[in-house]
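The following exercises are to be worked from the sequence and the coordinates. Each task is followed by a solution in steps.

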Amino acid sequence: MKPVLLIDFGSTYTKVTAADIDSPRLLGTANSYTTVQTDINDGLADALIRLEKKTGKLDFCARYACSSAAGGLRMLASGLVPELTAEAAKTASLGAGAKVLKTYSFKLTEDDEEEIRRLDPDIFLLVGGTDGGNTDCITHNARVLARIGGTYPIILAGNRNAARECERILEGREVHICENVMPRFGTLNIEPTQKQIREVFLNRIVQAKGLTQASELISGIMMPTPSAVMTAMELLAKGTKNIPGIGDLVAVDVGGATTDIYSVAEGLPDDPRTSLKGLPEPYIKRTVEGDIGMRYSIHGIVDAAGLDRIAEAAGISEQRMGEIVDMFGENTDMLPYDEETQSADEALASFAVRVAVTRHAGRLEEVFGIGGLKLVQTGKNLLNVDKFIVTGGSLIHTKNTGRIASYGFYDEEDPTSLKPKSCEVLVDRSYIIAAMGLLSQYYPDAALTILKEELIKDGTSK
Amino acid sequence: MEKKTLVIGVIGADVHAVGNQILYHAFTDAGFNVINLGVMVSQEEFINAAIETNADAIVVSSLYGQGELDCRGLREKCNEAGLENILLYVGGNIVIGKQPFDEVEKRFKAMGFDRSFPPGTPPEVDIEALKEDLHIEE
């Protein structure tokens, strides 16, 4: 047996997973409650004791960690046009596992200046203009950032014709120049920026967040937790040299404050005559709905889906549903305690999934013109995706995961939304996806074997 | 001298792709940096592309007779978006039926289009006009 320890430093929990890479299998998981104030070594030591109570003493040959501690990798981004470079900046940051606090477009205002100073991000991503295109906006925004001051690094990935000028404006700051996120109009080039974000995270953020205290114990903190999840999802879809993957997939993680959706699929139109509108979509896409969550953002679910529909799905009165929503919103640690609150919680989770997957998926619209019917697709086509992965506390601890997940499927009442038509639902019951993403950096075959073993089918719906 | 940037496309629900494609090649060969948005392009898409690429001109094509409706308000939206000095051209079957072109041109002028071109205009004519209006010396 060759056990490896995988650690996820979260904001509230330190979670440990032990895996055997010799004959690949999950050995056990445990977690311990931590706060921002607690020394993270205490949380880790505590979690390890709990783990070894279950597994017996383990002699780890390697220890790897990911982190979303201290609010995760907090980023701000600014671009020029909202649908173009600003969207590209957001897509790049989310794809690198960041928590995007806000994305600005056009020239930063005095109010923005105040807000940026207050938010004090870990990284600022400054973009805008295609190569050879607009330079006014990015140079203006560089001047605003220079005026704001602060010590956070700035990644410049806008119009290359403005890069050096921006660097001069920001003299004295840590500035990293990357290739433009949109070098030519309508093309997306986010990988160089994502690589830079990861490097800054490793070199700087890990230290700044006090995670180096733990570094003697572990072989390395390798990535932000969402990045580990994305890595695992890509591995699961594509497979390794030796083991096949399961193909295109969608993954949902409904949390207390936000809901993350991942898709691994090209997402191209079924009918080749369809014209594509909007930015090209990345093969692995992550979106985060900041207003959709089971506790802190519970009112966002109600605003987006409607109290009446949620109450109907839960089979309780609208008034009672409203009371339960308020109660959960105020008591963010509260778990469902009876049948009624359980139904309410599951109905809320169902609509959280529906709203978030609908926002993630693309749309196909029919336009009648002189030339007859014309199909126009924006975003990703996920109709043919047939694997739906479910993770996150609110969904993996209920028996009805399959039914809740089916709210993320194609819906006849919203026929233009390109959500998956029919999916096998796989549940991350042991909550190991991020850990396997970490493990895959060194032992991809073992990580994939364990993922395929541990993700449990919860029926095929629809 | 620096290349001038043009944003081109077919406006509205119009799917006539061929003429626009010919313009793309002709303008590129003539030394312009051309951003081709293709068919079924909304006013907002023309404007967004022009902002990001710092375009010098927007060249709108329309073949299906609805051009006058589709183009209405484009100049005002450009002004609103900070593109006050951008050159606006339109060409094709831009109005319904056969109307005297000088009247059509007058109407499009009033809508803020610097130049309009009747059906069958060879690309060379547009290129000459662009060179003149953008002060490009041979």
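A residue is buried if 20 or more other C-beta atoms lie within 10 Å of its own, and exposed if 12 or fewer do. The model under study is predicted.

**Exercise 1.** Determine what percentage of the residues in chain A is buried, and characterise the fold of chain A.

Solution. The secondary structure of chain A comprises 15 helices and 19 strands. Its radius of gyration is 22 Å, close to the 23 Å given by the globule rule for 462 residues, so chain A is as compact as a globular protein of that length. Along the principal axes, the C-alpha atoms of chain A fill a box of roughly 60 × 60 × 50 Å. Finally, of the contacts in chain A with a separation of 6 or more, 71% join residues 24 or more positions apart.

**Exercise 2.** Describe the side of chain B that touches chain A.

Solution. Begin with the contacts: 13 residues of chain B meet 18 residues of chain A. Then assign elements: strand S2 (33-36) and helix H2 (43-53) of chain B each supply at least two residues of this side. The largest share, five residues, comes from H2(B). By type, the residues on this side of chain B are seven nonpolar, four polar and two charged.

Key
Residues numbered from 1 in each chain as written. Chains lettered and ligands numbered in written order. Predicted model: local features only at pLDDT ≥ 70, side-chain atom pairs only at ≥ 80, totals over all residues. Contact = placed C-beta atoms within 7 Å. Helix = DSSP H or I, 4+ residues; strand = E, 2+ residues; numbered from the N terminus. Nonpolar A, V, L, I, M, F, W, Y, C, P; charged D, E, K, R; others polar. Rg over C-alpha atoms; globule rule 2.2 N^0.38 Å.
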